[in-house]
Amino acid sequence: MQKANTYILAIESSCDDTSCAILNNNVVLANITANQSVHEQYGGVIPELASRDHQKNIVPVVDAALKKAGVKLSQINAIAVTVGPGLMGSLLVGLTFAKSLALALKIPLIEVNHMQAHILAHFIKEAGDKTEEAQDNEQINFPQFPFLCLTVSGGHTQLVKIKGHLEFELLGQTIDDAVGEAFDKAAKVIGLPYPGGPLIDKYAKAGNKNKFKFAESNVAGLDYSFSGIKTSFLYFIQNETLKNKNFVAENLNDICASYQSHLIKVLLKKVKLALKQTGIKQLAVAGGVSANSLLREEIKNMEKEINVKTFIPPFEYCTDNAAMIGIAGYYKFLQGQFSQVSVVPQVRMETGS
Ligand code: KG4
Ligand code: ZN
């Protein structure tokens, strides 16, 4: 693969974060994200409000990223943008903006699959890191192909085999809810604002993970199911609250610790099965839920337990961000995979074959 000296401007707007990143090759110079607090009160993302906020945020976010990177629009060689999966109205804002910019600057447009980008976040380098050459000489700490990735977000839970920067094979996925949704919906039941995943993580730190039990998940092969677990949580809280109306307040930490521990156990059971079945010895984790502290700890523990090398991206590249869109765009740029301006957003998209 030929190396280029390329500046890429990347845009992510698939859900409720408006983000812009500037990359020089695979090095991130700026990664600016505007989060939308408007959804907190509703217990979930309201698509109409999300697209309106993207409209408000996109120009200031792009401006801020260019300023932080110290790069002029005239230096940009390509625009990378999320094409899906995601919310139609949200995707439209980012994609339309990206198309207009690519047309105005007369440079290529590169469409990026959001879920593949979460995985490729493992290949991001930061401006303060050693030079690319120095890192190459040291065989830097990137996953080697093929590796397995557990991709866990608000909308997806997938096990993917990655055979090359742009070669993905889907091994398994949830047949109903995503694990992020199982975190967020449970958080709503116990009165926590959206997104509840980080709050469950926070309260769990002071709780007893063995105190309460929830439904098991019985799905064949490498697929997942979280909807039964989520429902068992709802009934458990309803029943206990009937007996004691202060049940949640009195047991918040233990509820969070027990539920979180159960979800992570379910996730890792299939990860271990996939590693065994494929014989792969390298494991990565990606997506918003990879910010979860217990998941990070348990994945690290697997290094000793089952002799597998593990990779967890820095915190800011776990949740939605444009740097991951930029790195995916960079690999597509190297292979000349450019898009037509007629490209349209895709609400659903496969991660791999
Ligand atoms: O990848 P992401 O930022 O957006 C999607 O593409 O969905 O993931 C968001 C999800 C939400 O469900 C959020 O609750 C969850 O990631 N999340 C966490 C944590 N931080 C974010 N879940 C559990 N523990 C965390 N620390
Ligand atoms: Zn995401």
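I started at Proline 146, which sits in the loop between helix H4 (132–137) and strand E7 (147–152). Helices (H or I, at least four residues) and strands (E, at least two) are DSSP runs, numbered from the N terminus. The peptide bond leading from phenylalanine 145 to proline 146 is cis, with omega near -10°.

Housekeeping before going on. This is a predicted model, where local features need pLDDT of at least 70 and side-chain atom pairs count only at pLDDT 80 or more, while totals for chains, interfaces and linings use all residues. Residues are numbered from 1 along each chain as its sequence is written, chains are lettered from A and ligands numbered from 1 in the order in which they are written, and side-chain values use heavy atoms, with hydrogens and water left out.

I found another cis peptide bond, joining tyrosine 194 and proline 195, with omega about -10°. Proline 195 is in the loop between helix H5 (179–189) and helix H6 (197–204). Then I looked up asparagine 25: its phi is positive, about 50°, although it is not a glycine. Asparagine 25 belongs to the loop between strand E2 (17–24) and strand E3 (27–35).

**The two domains**

How many residues of domain 1 are in contact with domain 2? I got 19 from domain 1, against 24 residues of domain 2, with contact meaning heavy atoms within 4.5 Å. About 1700 Å² is buried between domain 1 and domain 2, and carbon and sulfur atoms give 76% of that. Buried area is the accessible area (1.4 Å probe) that two parts lose on being put together, summed over both.

I counted zero salt bridges between domain 1 and domain 2, but four residue pairs in polar contact, both residues at pLDDT 80 or more. A polar contact is a pair of N or O atoms within 3.5 Å; within protein, one must be able to donate a hydrogen and the other to accept it, and residues adjacent in sequence count only if both atoms are side-chain atoms.

Which helix gives the most to the side of domain 1 that touches domain 2? H3 does, with five residues.

**Salt bridges**

The structure holds ten salt bridges, each a side-chain nitrogen of Lys or Arg within 4 Å of a carboxyl oxygen of Asp or Glu. I checked the one between glutamate 48 and arginine 52, where the closest N and O atoms are 2.9 Å apart. Both residues lie in helix H1 (residues 47–69), four residues apart, about one turn of the helix.

**Around ligand 1**

I looked up 18 residues around ligand 1, and Gly154, Asp184, Asp201, Gly288 and Asp320 come nearest. To count as near, a residue needs a heavy atom within 4 Å. A polar side-chain atom of aspartate 201 is 2.9 Å from a nitrogen atom of ligand 1. For histidine 118, an N or O atom in the side chain is 3.2 Å from an oxygen atom of ligand 1. For histidine 114, I noted 3.4 Å between a polar side-chain atom and an oxygen atom of ligand 1.
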